[in-house]
2 protein chains.
Amino acid sequence: MSAPLNDAALDQLFLAARTYNAWLPKEVTDEQLHRLYELAKFGPTAANSSPMRVVFVKSKEAKAKLEPALSESNKAKTMVAPVTAIVATDFEFYEKLPKLFPHADARSWFVGNDASIQSTGFRNGSLQGAYLIVAARALGLDCGPMSGFDNETVDKAFFAGTQIKSNFLVNIGYGDASTNLFGRLPRLDFDEAVTIA
Amino acid sequence: MSAPLNDAALDQLFLAARTYNAWLPKEVTDEQLHRLYELAKFGPTAANSSPMRVVFVKSKEAKAKLEPALSESNKAKTMVAPVTAIVATDFEFYEKLPKLFPHADARSWFVGNDASIQSTGFRNGSLQGAYLIVAARALGLDCGPMSGFDNETVDKAFFAGTQIKSNFLVNIGYGDASTNLFGRLPRLDFDEAVTIA
């Protein structure tokens, strides 16, 4: 049995972590991005389906491809973020199940069952996106997740000819708390969101 | 700027954490469930929409209401788990936006826009479900998430007359590593899932 993590760790992951809108000019290395994936990949998914695919947009060229898809309010901060992760879902994820779930023919549970492909992909790709955010924080990085962009434009620019569809974006780097860091917004009280039955 | 968490913490959250199928007979207190929500609620969601709702099923009566919805392979372990969280989504989440996002009329972005309600609810409710899993591990608890159940049966039993729909289930407690703990399944290699552009 494990003890709770200490208060500093809980602060870093949840209590003091914030969505950043400005970034210090400090690089995120490819090695850090590898380490980030190697943590996040272990978060649980249904039948180990692991449908998330990620493009870490770092180069000027790739940022320029992304820019036309961004909503106005997300443009400036995204163009200067050290990395922007395109968190996406491969809706042909079931083709990887012979590797990921080798003890049963899990691929056959999905082939031809579009409703199940869609819901399993969207649900579990989103879970993995959240693991990515928390894993980044665990590695001392800050995040700025965003839904304000045109998915179709991103998909054409980055995933043409595949069944991979963008889900959401996450700016990743070292947050600049001196600029555009809004006051913490209220959350729902326990009794508004939770029941113990 | 924060340093990475230490190796023991990364193990507890991701690297050594496992999906448990058997549970030690040790209670999870209501106080722990409160603490769990008070961590998980701070994970980021689009426009702070916070659409997740949770029922922590603890009592015999509530477990009996849940049982008919469970797939055969999920029944026995779920009936003995100290807690089973029904992670659900309130598709009327936008009615809480005047509290959650007070500086703009975010409610009006959703009213009458069913596609946006559905995708925002499903995506962000799933993100919050992942925050709940990682937060439970951060508190020293183990998880066993499951999609093998009949959503409609759960919704009729627990959410009748509302727009709240079940998303997935999570058994929570202290995992028994001596029983039904399967070998760690492979994950996709970095190059199978990730591109640095």
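Select Ala85(B) to begin: its bridge partner in β4(B) is Val170(B), in a predicted model where local features need pLDDT of at least 70, side-chain atom pairs count only at pLDDT 80 or more, and totals for chains, interfaces and linings use all residues. Residues are numbered from 1 along each chain as its sequence is written, chains are lettered from A and ligands numbered from 1 in the order in which they are written, and side-chain values use heavy atoms, with hydrogens and water left out.

Next, show the open sheet of 5 strands, ordered β5(A)-β1(B)-β2(B)-β4(B)-β3(B) with mixed pairing, where two strands pair if DSSP finds at least two bridges between them. Because β5 (194-196) of chain A and β3 (142-146) of chain B stand at the edges with a single partner strand each, one side of each has no neighbour in the sheet.

Finally, select α1 (residues 7-15) of chain A, which packs against α2 (residues 30-40) of chain B at an angle of about 50°, with the axes 9 Å apart; axes are lines fitted to C-alpha atoms, for helices over the stretch in contact, and angles run from 0 to 180 degrees between N-to-C directions. Here Asp7(A), Leu10(A), Phe14(A) and Leu15(A) meet Arg35(B), Glu38(B), Leu39(B) and Ala40(B).

Key:
Helix = DSSP H or I, 4+ residues; strand = E, 2+ residues; numbered from the N terminus. Contact = heavy atoms within 4.5 Å.
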